[in-house]
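Colleague: I would like to learn how to read side-chain contacts in a model such as this one. Could you take me through them one kind at a time?

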Amino acid sequence: MKTKSEIIKSIKEAGLVAVIRAESAGEASKIIEACVKGGVTSIEITFTVPGAENIIKELTAGYDASKVLIGAGTVLDSETARIAILSGAQYIVSPCFDSETAKLCGRYNIAYIPGAMTIKETVQCMEAGAEIVKIFPGELFGPKIIKAIKGPLPHAQLMPTGGVSAENVAEWIKAGAVAVGAGGSLTAGARTGDFDAIARTAEEFIKRIKLARE
């Protein structure tokens, strides 16, 4: 099991977190398999997926924790966070900040990535110990919000989610994002059952992130 600091480091090094939303556990498993095939090393199972905690248990049992990180997303409260952690989630992601979830994650030394959209919210997240802050929903402002926040907060480590695609991921990285979260733009192939397309898109994401960093 990786430590909290190692998990944060791994997410930043990889630069991409695959956000998994699906209609069923079976569909989620196929999407995850395709993402991993495409080189994704950080998976976020959202609690909008039916039986999310059971999927997390299966994944943490099936994947080498040193190679694939399994996290929980759309975690709105500390009760859900605790269920996720007991199921094996290595990190917790929320669409907004929740102080009780922050406390719980701090208590168990679990990485917490809360969502924010303003300078005030970003500072609140950082003061509560969040090493990475999720900028959400990213499509409302685009990459310029990263530069805007990093103006007064140059030390902020930001991970935009929402509106990030293989086509624009380089803009987000060049604007200063330490990583990105990608959902629908990455997993779109699932809608037509084309899971190979998900793997190809994942490869494209990773390639463009690497090039943008160079």
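Modeller: Let us begin with charge pairs: the structure holds six salt bridges, a salt bridge being a side-chain nitrogen of Lys or Arg within 4 Å of a carboxyl oxygen of Asp or Glu. Please keep in mind that this is a predicted model, in which local features need pLDDT of at least 70 and side-chain atom pairs count only at pLDDT 80 or more, while totals for chains, interfaces and linings use all residues. Residues are numbered from 1 along each chain as its sequence is written, and side-chain values use heavy atoms, with hydrogens and water left out.

Colleague: Where do Lys9 and Glu13 lie?

Modeller: Both belong to helix H1 (residues 4-14), four residues apart, which is about one turn of the helix; helices (H or I, at least four residues) and strands (E, at least two) are DSSP runs, numbered from the N terminus. The side chains of Lys9 and Glu13 form a salt bridge at 4.0 Å, N to O.

Colleague: Which parts does the pair of Lys37 and Asp196 tie together?

Modeller: The closest N and O atoms of the Lys37 and Asp196 salt bridge are 3.5 Å apart. Because Lys37 lies in helix H2 (residues 25-37) and Asp196 in helix H10 (residues 195-213), the pair ties together parts that are 159 residues apart in sequence.

Colleague: Is Lys37 buried or exposed?

Modeller: Buried means under 20% relative accessible area, exposed over 50%, and partly exposed in between (1.4 Å probe, protein chains only). Lys37, at 60%, is therefore exposed, whereas Asp196, at 43%, counts as partly exposed.

Colleague: What do the rings of Phe97 and Tyr112 form?

Modeller: Rings of Phe, Tyr and Trp (its six-membered ring) pair if their centres lie within 6.5 Å, and planes under 30 degrees apart count as stacked, over 60 as edge-to-face and the rest as tilted. The structure holds one aromatic pair: the ring centres of Phe97 and Tyr112 are 6.5 Å apart with their planes at 45°, so the pair is tilted. Phe97 is buried, with a relative accessible area of 19%, and Tyr112 is buried as well, at 7%.

Colleague: Over the face of which residue does Arg82 lie?

Modeller: A charge sits over a ring if NZ of Lys or CZ of Arg is within 6 Å of the ring centre and within 35 degrees of the ring normal. Arg82 lies over the face of Tyr108, at 4.2 Å from the ring centre, and Lys134 lies over the face of Phe136, at 4.7 Å from the ring centre.
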